[in-house]
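Subject: Handing over the two-chain model

Hello,

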Amino acid sequence: MTETRWLADPQVRRGAVITALVMLLALLGPWLAPHAPTAMVGPVYGPPTAGAPLGHDFLGHDLWSRLLSGGVSVLWMSVAAATLALVVGGSLGLLAGFSRRRLDQAISWAADVSLAFPDLILVLLIVSMLGRAPWLIVLTVAIAFTPGVVRLARGSAVAVAGQEFVEAAQMMGYSRWRILFSEILPNILTPLLVHFGNMLTWAVGMLSGLSFLGYGVAPPAADWGLMINENQAGLLVQPWAVLAPALLIAVFAYGTNILAEGIGRVSARIGEKQP
Amino acid sequence: MPDHAHRSPRTPAWLAWFIGRLGYGLLTAWVISLVVFIATQALPSDPARVILGPDAPLESIVTLQRQLGLDQPLLVQYLRWLGAALCGDLGISLDSQVPVAQLLFGRLGHTLALLAGVLALVVPLALTLGVSLALRRDRPLDRWGLSALILLKATPSFLLAIGLVLLFSMPGMGWLPAVSILDPQLPLWRQLPSLVLPVVALSLSALPYLTRMVRASMIEALESDYVVAARLRGIPERRIVWRHTLPNALTPAIQGVALTLRTLVGGALLAEVIFSYPGIGTALNAAIQMRDLPMIQGVVLVITLAVVLINLLADLLTVLLTPKLRTARRVKMIRRNRRGIRPWWRRARRTPAQEATHD
């Protein structure tokens, strides 16, 4: 029911359409690409021609094919990282907001300490010491995002836990877990969802930034962030090689962002609790 | 906690809070040192191998292990490292054989200059923009302004920086240097033009959050009772906005600035690399590429401790600038609520009268 209310908002619709379009492009891209992303088919920094609508990159790969194949990595990694952070952080936050003093303090304090590490620095530290396997990058980005989710979930859970319907459930002798997950969780879902959208935006920025610095996806593979990095030298000769992946990253980030903003605004308008 | 009721009236009430907050900050700093140490020396099975690469000869690995003290037990390594770091000795850079602290000192100044420039640009801009948007709430300018801010907020900060480099490296745009390679012989203040683009790029990415925050707290403050009262007394609107409302809307902005600084440190790393600006971010990037372990440890430690310090200062400023908190008998934790919340089934039921005043 809430979904239809959200979709009535033009901003939410616009965000959903943009996000879906970029996702579609990234997911179907590898099948649509005319060449393999690593096939050298033209001149280095070749200009756009009829056969290659965007021209060629620093090694003579077809830019259009590389662009189509380079989205999957950014996409699945950012979605996985944001989801992992949401699940882990959400559970920890709920637990903290719900439990006795000690556990609550321990969780909140751990979240505070990890908030002292700027996200990118933490991820760089771990990736540089432990290697750059994709699952490791996803894990570290998720770790960097978790404290924020913990604080949000805890704050919202504490606000909800004081309401009458929770006390009623308490009186009726429901178990702790049932109260947590079927009474409190549905009521804090909207702020968490908005935060999820924001996390997606940050994850896309951070992952493409990591690839750009050379710590992300390993070079021969296609990746939007990596493409910006490797084609930087030819900025003036072949601006598309940098502009096109940058634009796609920006458009995806914009889509997820206005989607999250729109959902947040709608839920504020219909009077749901916003922490 | 001792009873503060008979405290002499001269001790400021917030002092007890500040001492507690300082202890909390120190504890956080200690945990951070532990995390940095674990991530760099304890977690990789053999840091010497990480540094030298997979096919280094055994003798050089053993030599490096001895040089870094890696042949000692972990606890000894940690205590030795922590003790040295407390005395300001962060080890010797493996890459350049110069003490890390000495290398960091100059770089830190450059990054601080960058961040100072960003704050000097963003804070006044965010204040004026936020206030003017709040005053035109829901009118076309407000709506367009917000859309533009969302666009800025969504664009990853390093893309903004790359866009600026792209723009200023085009022919005819040579009036500002597109990359900021500093001449180490000259003092920084004589090379200000090379600071302009990094500062602008970082400011653009920091602007949306602060502006929206100022706008939101302005709107909230403008709807409060004292503003209505002031209007009824016939005080001019301009005075209400700038003298009555803004100071109250500013306190949340302090925490906002602290949070912005934290994100800026990460953003500064990317921006510095893109503009080749010799700050602490490029130092970290180079250290990671060179596998310069002491340098990595030093940079990460300095950055995180700076964030702890920023949070501490922001909390102190918030308390000092909020009369209610400054004179309170006991200052609660600001922003992060450390006070254990009692589980709701143990919470004493509020009396109806209290509930009424609470709302």
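Which are the buried residues of helix 6 of chain A? They are A:D119, A:L120, A:I121, A:L122, A:V123, A:L124, A:L125, A:I126, A:V127 and A:S128. That makes 10 of the 12 residues in helix 6, so the helix is mostly covered. Please keep in mind throughout that this is a predicted model.

On confidence, chain A has an average pLDDT of 79, and 91% of its residues score at least 70. Within chain A, helix 1 (residues 2-7) has the lowest confidence, with a mean of 66, while helix 4 (residues 71-98) has the highest, at 86.

Back to helix 6 of chain A. Its end C-alpha atoms lie 17 Å apart, which agrees with the 16 Å that 12 residues should span at 1.5 Å a residue. Just past the end of this helix, A:G131 has a positive phi of about 110°.

Leaving out residues up to four places away in sequence, A:L120 touches A:M206 and A:G209 in chain A, and B:G266 and B:L269 in chain B. A:A250 lies 130 residues from A:L120 in sequence, and their C-alpha atoms are 18 Å apart.

Now for the contact between the chains. It takes 45 residues from chain A and 43 residues from chain B. On the chain A side, at least two residues come from each of helix 5 (101-114), helix 6 (119-130), helix 7 (134-161), helix 8 (164-171), helix 10 (189-213) and helix 12 (240-269). Sorted by class, that side of chain A has 28 nonpolar, 10 polar and 7 charged residues.

The largest nonpolar core holds 166 residues, and those that touch the most other members are A:V123, A:V141, A:A203, B:A161 and B:V299. A:V123 is also one of the buried residues of helix 6 of chain A. If residues up to four places away in sequence are set aside, A:V141 touches A:A81, A:V123, A:A203, A:M206 and A:L207.

Turning to chain B, its secondary structure consists of 14 helices and 0 strands. Of its 359 residues, 35% are buried. Among contacts in chain B with a separation of 6 or more, 70% join residues 24 or more positions apart.

Helix 8 (residues 193-222) of chain B deserves a look. It has 30 residues and reaches 40 Å from its first C-alpha to its last, close to the 44 Å expected at 1.5 Å a residue. The helix bends by about 40° at B:L207, and a proline, B:P208, follows within four residues. Like helix 6 of chain A, which is mostly covered, helix 8 of chain B is mostly covered, with 22 of its 30 residues buried.

Most residues other than glycine have a negative phi. B:S276 is not a glycine, yet its phi is positive, at about 50°. This residue is partly exposed, with 15 other C-beta atoms within 10 Å.

Best wishes

Conventions
Residues are numbered from 1 along each chain as its sequence is written. Chains are lettered from A and ligands numbered from 1 in the order in which they are written. This is a predicted model: local features need pLDDT of at least 70, side-chain atom pairs count only at pLDDT 80 or more; totals for chains, interfaces and linings use all residues. A residue is buried if 20 or more other C-beta atoms lie within 10 Å of its own, exposed if 12 or fewer, and partly exposed in between; C-beta atoms are placed from the backbone. Two residues are in contact if their C-beta atoms, placed from the backbone, lie within 7 Å. Ala, Val, Leu, Ile, Met, Phe, Trp, Tyr, Cys and Pro count as nonpolar, Asp, Glu, Lys and Arg as charged, and the others, Gly among them, as polar. A nonpolar core is a set of buried Ala, Val, Leu, Ile, Met, Phe, Trp, Tyr and Cys residues joined through C-beta atoms within 7 Å. The expected span of a helix is 1.5 Å times one less than its number of residues. The bend at a residue is the angle between axes fitted to the seven residues ending there and the seven starting there. pLDDT is the predictor's confidence in each residue, from 0 to 100.
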